[in-house]
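Please open the model in a viewer and keep the selection panel at hand.

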Amino acid sequence: MISPFDDLTALVALPAWVTVLIWTIDIIIRLALLGIVPGNRRPSVAMAWLLVIFIMPLPGLLLFLLLGTVRLGGQRRARQDAVTDELTRATRHLELPHQLGEAPEYVEASANLTRALTGFPMLDGNRFEMVTDYRECLARMAADIDQATDYVHVMFYIMAVDPEGRKGYADVVIEAMERAQQRGVKVRLLFDHIASLRVKGYRKMLRRLRGCGIEFHLAMPFQPWRGRYQRPDLRNHRKMLIVDGEVAYTGSLNLIEPGYKRPSSWNMGREWVDVMARVTGPTVASLDLVFATDWYSETGEHLDEVLRGVTDEEFYDHEGAIAQVIPSGPGFATENNLRAFNHLFYNAEQSLTVVSPYLVPDDSMLYALTGAAQRGIDVELIVCRKADQFMVHHAQQSYYRQLLRAGIRIFRYPDPDVLHSKLFTIDDEVAMIGSSNMDMRSFSLNMEVSVLVADEDVVRDVNEIIRSYRDQCEELTLEEWLKRPRHKRWLDNVFRLTSALQ
């Protein structure tokens, strides 16, 4: 057994009783962690943590203490629970079984599952418009903000002002927010603290926001010196914009120029490829409630009297798409997105197509995907040929052999661009769009929001987007994948292990 103090005792002559004490403490710590680490964790996660701790006891223990829990702080958990309970009571009257219309039976089961976990109902009468052009999407957001008369709610994982030489992106939306504030419209803004802090120009953005008077707050702030602390990699990954409770945007796009202000991306011509859904109808009220929950978590301020809510006209308007909002993240103990995704995968009868930049499934999702292919479903995965995150890229590749052997077709989007959209469709009947990747970070560590839509027209539009991606891809074959060098397989497998460290 390797002791963390071996090198120390080799350099310093310690009394025998001190050496025995050190070894005793070391053994007690290891034995104690054997019974502590597995608590409320997947066995694979627990084994990964124990392996790290036993190989590097002191560094591993410190990492576990820093990153080993996905639980939020007590006050934040209490606020999340209070909002969920209130939401369930406030939406209890929205029980409209006829709204399912022509949707498959499993959609009702999925809706009941999400309703039980989150309180959000499934509602019809929605209109969805998919916007794929990066610059156009930001311009559309700005145009809707310019029409605001009451309030604008903005929540993005990454927010940054445009750099010199690459104008006309995020600044277009920020300028519209400034104009709204100037004409008396209340603008409330949230952006993830750590994700935005890492982008060059963060301080400049803060000065600009303070100067124009927009009320903004950091989402999931990590500021221990101010008493604001939780696990630092628990992040708010949601992307939403709501105008007057009448129009909303959600999807994968961050409020930043498409090269993410990275000189390395500009030099290689890399841009992020995204999609946002512009939504009207009662689902806007659900997205607004997600924002209100985040706002309450960060500020303690209730927005009950501010939100527009579902109108009677929308309540009785059954023309349009059926949709349900699925919030998830460490504020929930039930991994809402993972449960909903797997339920839908298991109910596919003809086809299942998934688009995700980061595909690192847990065992349950791996079985759902491979099981679908093995029972004869046409399963296609569209991923990046080279992801922008080194560790995730290799962890993702470690699953390819198992996926390909099961009969799943894998299409890789060409680099240097990053296909950042998060979509899937089932049987030309159901589509999912949102911020959630298909990895354990999105299932457990990130605050996410997804929207389930059961509507043939919307699914057709999403499938057209997916086809446009596939047309640019190259298909990966099992024969080709098995020929790659052994050292690359080793690297993939090493990082597959790290993906379980939650």
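Select helices α16 and α21, which are roughly perpendicular to each other (a class that covers angles of 65 to 115 degrees). In this predicted model, the axes of α16 (residues 390-397) and α21 (residues 486-498) cross at roughly 105° and come within 7 Å. Axes here are lines fitted to C-alpha atoms over the stretch in contact, with angles from 0 to 180 degrees between N-to-C directions; helices are DSSP runs of H or I with at least four residues, strands are runs of E with at least two, and both are numbered from the N terminus. Show side chains next: F390, M391, H394, A395 and Q397 of α16 make the contact with L491, D492, F495, R496 and T498 of α21, where contact means heavy atoms within 4.5 Å.

Before moving on, note the conventions. Residues are numbered from 1 along each chain as its sequence is written. The model being predicted, local features need pLDDT of at least 70 and side-chain atom pairs count only at pLDDT 80 or more, while totals for chains, interfaces and linings use all residues; side-chain values use heavy atoms, without hydrogens and water.

Colour by pLDDT, the predictor's confidence in each residue from 0 to 100. The protein averages 88, and 89% of the residues score at least 70. Residues 7-11 stay under 50, and the model has one contact beyond four places in sequence for them.

Now select R208. Its side chain meets that of E178 in a salt bridge (2.8 Å, N to O), defined as a side-chain nitrogen of Lys or Arg within 4 Å of a carboxyl oxygen of Asp or Glu. This pair links distant parts of the chain, with E178 in helix α8 and R208 in helix α10, 30 residues apart. Salt bridges that share partners join E164, K167, D171, E178 and R208 into one network. Within it, D171 forms a salt bridge with R208, the closest N and O atoms being 3.3 Å apart. D171 is buried at 6% relative accessible area, whereas R208 is partly exposed at 24%; buried means under 20%, exposed over 50% and partly exposed in between, with a 1.4 Å probe and protein chains only.

Finally, centre on L255, in the loop between β7 (247-251) and α11 (263-268). L255 is buried, with a relative accessible area of 0%. Beyond four places in sequence, L255 is in contact with L138, F156, I158, M159, A160, A170 and V173. The C-alpha atoms of L255 and Y169 are 8.0 Å apart, although 86 residues separate the two in sequence.

Technical notes
Angles under 35 degrees count as roughly parallel, over 145 as roughly antiparallel, 65 to 115 as roughly perpendicular and the rest as oblique.
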